[in-house]
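Subject: Handover of a structure and the findings on it

Dear colleague,

Please find below the structure that I am passing on to you. My findings follow directly after it.

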Amino acid sequence: MAAKIATPGVVHIKCLFKQQTQRNYNEDRDGFYNIPDPLKDFFRDDPFFRQFRFQVPDSQENDSEPLIGSGSGVILTPDGYIVTNNHMVKNADDINVTLYDGRSYTAKLIGTDPKTDLALLKIDEKNLSFVAFGDSDKIEVGEWVVAVGNPFNLASTVTAGIISAKARNINILKNQGAIESFIQTDAVMNPGNSGGALVTLEGKLIGINTAIATPTGVYAGYAFAIPVDIVKKVSNDLMNFGSVSRGFLGISIRDMDSKIAKEINIDRANGVYVDSVATSGAAKEAGVRAKDVIISIDDIETMTSAKLQEIVMRKRPGDKVKIILIRNGNEKKE
């Protein structure tokens, strides 16, 4: 059973922020990225409004008192490496981790990656339960999944739903070069689920829960998780090198649509259209040209720019990839 397998590997994280007056967060003080108006993504040009809220103990009536942020994390290794969201632990003065069985530890921040909103923590313990990696490339829309986290400080809460969509870019990460290729799910999540696990029915980790689409600040239908194949790359780099290195193709891209398809005379309206190619870069050397349409990388379909960016960021500089593209109506391999 997924819940029985995954729940012991999901932790409750509380972060202490001593200088409340220097922070600029929403007064409701919950604990999740949230997107107040989900319709903005589909019907307006306005960017999503981003909030990170904190829960504050009742005794903290003075603005000079510290803030306490609450969320979740996932144990990746038996010796205490834990992945969570960067937005939850960023600038924290103290980070406390409570295990499923109630044991509590002070965690060390190993490293962060704002471009994917991930952070890696470490606690001093051995023989811990952990959540094994799944494969987010292989999950299908409509597949059942389970979310495990600590919404509203309700420890080890489990909800279920389906994969609603893949490779969603919802424009919440404002860092230059940010990678957004979220798994969208209708599994119920609320403030405090941030950093928790999204798992398959076999209990394999396929995502780290990060955001909800909501007009109210609580669950209203959809949540978003960072795919585990991004989590693998980022956590491994932070664990071994302290920072994240990324592949870079050297192209300017956008999603295909019917208008572009008509202009370049091809019979498909999905894929990634190459606007331009940098004069020096891997794509130029490989022979990629402007007006090419990239349809797969390493045999993984690239129906959207978000998916292409996700695949490329999982590579290291110098790695070789196989690109299949359409040029002048003909399929080519580069």
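Among contacts in the protein between residues at least 6 apart in sequence, 64% join residues at least 24 apart. Please bear in mind that this is a predicted model. The protein has 334 residues, of which 51% count as buried, and its secondary structure comprises seven helices and 21 strands.

Leu 205 belongs to strand 14. With a relative accessibility of 0%, Leu 205 counts as buried, because buried means under 20%. Leaving out residues up to four places away in sequence, Leu 205 touches Val 74, Leu 76, Val 131, Ala 132, Phe 133, Gly 134, Ala 197, Leu 198, Val 199 and Val 228. Between Leu 205 and Val 146, which are 59 residues apart in sequence, the C-alpha to C-alpha distance is 9.6 Å.

Strand 14 spans residues 205-213, and the loop between it and strand 15 (222-227) holds Thr 214. Thr 214 is likewise buried, its relative accessible area being 0%.

Asp 135 sits in the loop between strand 9 (118-122) and strand 10 (144-149). Its relative accessible area is 27%, so Asp 135 is classed as partly exposed. The side chain of Asp 135 reaches the backbone nitrogen of Asp 137 at 3.0 Å. Beyond its neighbours up to four places away in sequence, Asp 135 touches Ile 206, Val 228 and Asp 229. Val 228 is also one of the residues that Leu 205 touches.

Lys 14 is placed in strand 1 (residues 10-17) and is partly exposed, at a relative accessible area of 37%. Which residues does Lys 14 contact, leaving aside neighbours within four places in sequence? They are Ile 68, Gly 69, Ser 70, Asp 94, Ile 95, Asn 96 and Asn 153. Of these, Ile 95 is 81 residues from Lys 14 along the chain, yet their C-alpha atoms are separated by 5.9 Å.

Asn 328 provides an exposed example, with a relative accessible area of 71%. Asn 328 is located in the loop between strand 20 (323-327) and strand 21 (330-333). The C-alpha atoms of Asn 328 and Ile 264 are 7.1 Å apart, while 64 residues separate the two along the chain.

The largest pocket contains about 410 Å³ of space. It is lined by 18 residues, and those closest to its centre are Ile 179, Gly 247, Phe 248, Gln 309 and Val 312. Which element supplies the largest share of this lining? Helix 7 does, with five residues. Strand 16 (251-255) and helix 7 (305-313) each contribute at least two residues to the lining.

Helix 7 is also mostly covered, as eight of its nine residues are buried. The buried residues are Ser 305, Ala 306, Lys 307, Leu 308, Glu 310, Ile 311, Val 312 and Met 313.

Ala 167 is not a glycine, yet its phi is positive, at about 55°. Ala 167 is found in strand 11 (residues 157-168) and, at 16% relative accessibility, counts as buried. Lys 291, also not a glycine, has a positive phi of about 80°. Lys 291 lies in the loop between helix 6 (282-286) and strand 18 (293-297). With a relative accessible area of 55%, Lys 291 is exposed.

Finally, the aromatic rings. Lys 122 lies over the face of Tyr 81, 5.4 Å from the ring centre. For pairs of rings with centres within 6.5 Å, the count comes to one aromatic pair.

Yours sincerely

Note on methods:
Residues are numbered from 1 along each chain as its sequence is written. This is a predicted model: local features need pLDDT of at least 70, side-chain atom pairs count only at pLDDT 80 or more; totals for chains, interfaces and linings use all residues. Side-chain values use heavy atoms; hydrogens and water are left out. Helices (H or I, at least four residues) and strands (E, at least two) are DSSP runs, numbered from the N terminus. Buried means under 20% relative accessible area, exposed over 50%, partly exposed in between (1.4 Å probe, protein chains only). Rings of Phe, Tyr and Trp (its six-membered ring) pair if their centres lie within 6.5 Å; planes under 30 degrees apart count as stacked, over 60 as edge-to-face and the rest as tilted. A charge sits over a ring if NZ of Lys or CZ of Arg is within 6 Å of the ring centre and within 35 degrees of the ring normal. Contact means heavy atoms within 4.5 Å. On a 1 Å grid over the protein atoms alone, a cavity is a set of points where a 1.4 Å probe fits but cannot get out, and a pocket is an open set with protein on both sides within 12 Å along at least five of seven lines; lining residues have an atom within 4 Å of a point. Grid points are joined across faces, edges and corners, and a volume is the space filled by probe spheres set on the points. A polar contact is a pair of N or O atoms within 3.5 Å; within protein, one must be able to donate a hydrogen and the other to accept it, and residues adjacent in sequence count only if both atoms are side-chain atoms.
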